[in-house]
Amino acid sequence: MAMSTGEVTSYSDWMSQLAPQLQDTPLYKLAIPGSHDSMSYDLDINSTIIEPDELKKLSPILCARELVRTAATTQDVTITQQLDAGVRYFDLRISRKTNDPEPNKFYFYHGLCTRTDAETVLRDINDWAGKHPKEILILALSHFKDFDNNIEELHHNLIESIKTVFGAKLCNKVSTQDPFPTLKSCWDKGTNVIVSYDYSANQEPELWPRITYYYGNSMEPATVESKLESDLHMRGPNAQNFFVCGLNLTLPEDTRVLKYILNPFDKLTNVIKRSLPRMLQWLKQQYSQTPYINIVASDLVTCDDFVSTVVQLNKPTPTCVEA
């Protein structure tokens, strides 16, 4: 008789519905949907331009900021809606706002800073995590723009805020000698938030190091696919840590970016929507050939069955099935 393979009926709680055989699988072996530039739905039109560098000098011009916001908005639903849809990895890029009267207040950014501060968003995530204790969330904090002055104090304050918000929900990082967390081990300990903090001086036991993010660095899907195939081949199946396969397209960092920002007839979101079905088909083919995908990140995560496509890659191995 075959063992139960599990059937996901609600993506807001998909991890708790995976087959029992997968509950003891290291988390780096599970296929986990993630969002790229997760907070880009919340960009502040009154923010100075953070990137690209070529447009920073145009920050005082409203239409320039409007163009940047249009091009940089790669998610169109809130963090809570992303969580409800089944997303479990979040790409959170941290910045301070220029001339902010509250110097220890942090924001997210993509082109522009967000309207909502980081602590408010983290508390929203913590509230959701409390209502879904069997869903393991992975938060990747990185970039830390405008941290040049008082860098150690700023990192200390942000880290203390993270520890205060999530408290006992935080899953401590592991050494190479320790067993890697699984769904079951997290459930048993009552932990369901993993925070990756991309700062080399970070020594906090609650915070994990940077998670490698593979991406194609191109606006052409074929180029993205080729680069990801090469990166995954070089990585191989034996590495025992988290990694991200980024299906996102990447805007150029030079003047070619203007082609996408200034085009009134074809917004970046339209380009993403056209490319995503092809990228998902590539993902399924890639997984059938080299079944060691971990986190898969995308723009517009509620489009084209992105979440369900990734989650459905999680199947028990044949050795888990009895005759």
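Biologist: Is Lys184 buried, partly exposed or exposed?

Modeller: Buried means under 20% relative accessible area, exposed over 50%, partly exposed in between (1.4 Å probe, protein chains only). Lys184 has 35% relative accessibility, so Lys184 counts as partly exposed. This is a predicted model: local features need pLDDT of at least 70, side-chain atom pairs count only at pLDDT 80 or more, and totals for chains, interfaces and linings use all residues. Residues are numbered from 1 along each chain as its sequence is written, and side-chain values use heavy atoms, with hydrogens and water left out.

Biologist: Which side chain meets Lys184 in a salt bridge?

Modeller: A salt bridge is a side-chain nitrogen of Lys or Arg within 4 Å of a carboxyl oxygen of Asp or Glu. Here Lys184 pairs with Asp188 at 3.1 Å, N to O. Asp188 is exposed, at 57%. Both sit in helix 5 (residues 183-189), 4 residues apart, so about one helical turn separates them. Helices (H or I, at least four residues) and strands (E, at least two) are DSSP runs, numbered from the N terminus.

Biologist: How many residues apart in sequence are the parts that Asp42 and Arg115 tie together?

Modeller: Asp42 and Arg115 form a salt bridge at 3.0 Å, N to O. Asp42 lies in the loop between strand 1 and helix 1, and Arg115 in strand 4 (residues 112-117), so the pair ties together parts 73 residues apart. Asp42 is buried at 5%; Arg115 is exposed at 53%.

Biologist: Which residues are linked in a network of salt bridges?

Modeller: Asp37, Asp91 and Arg93. Asp37 and Arg93 are both buried. In total, the structure holds 15 salt bridges.
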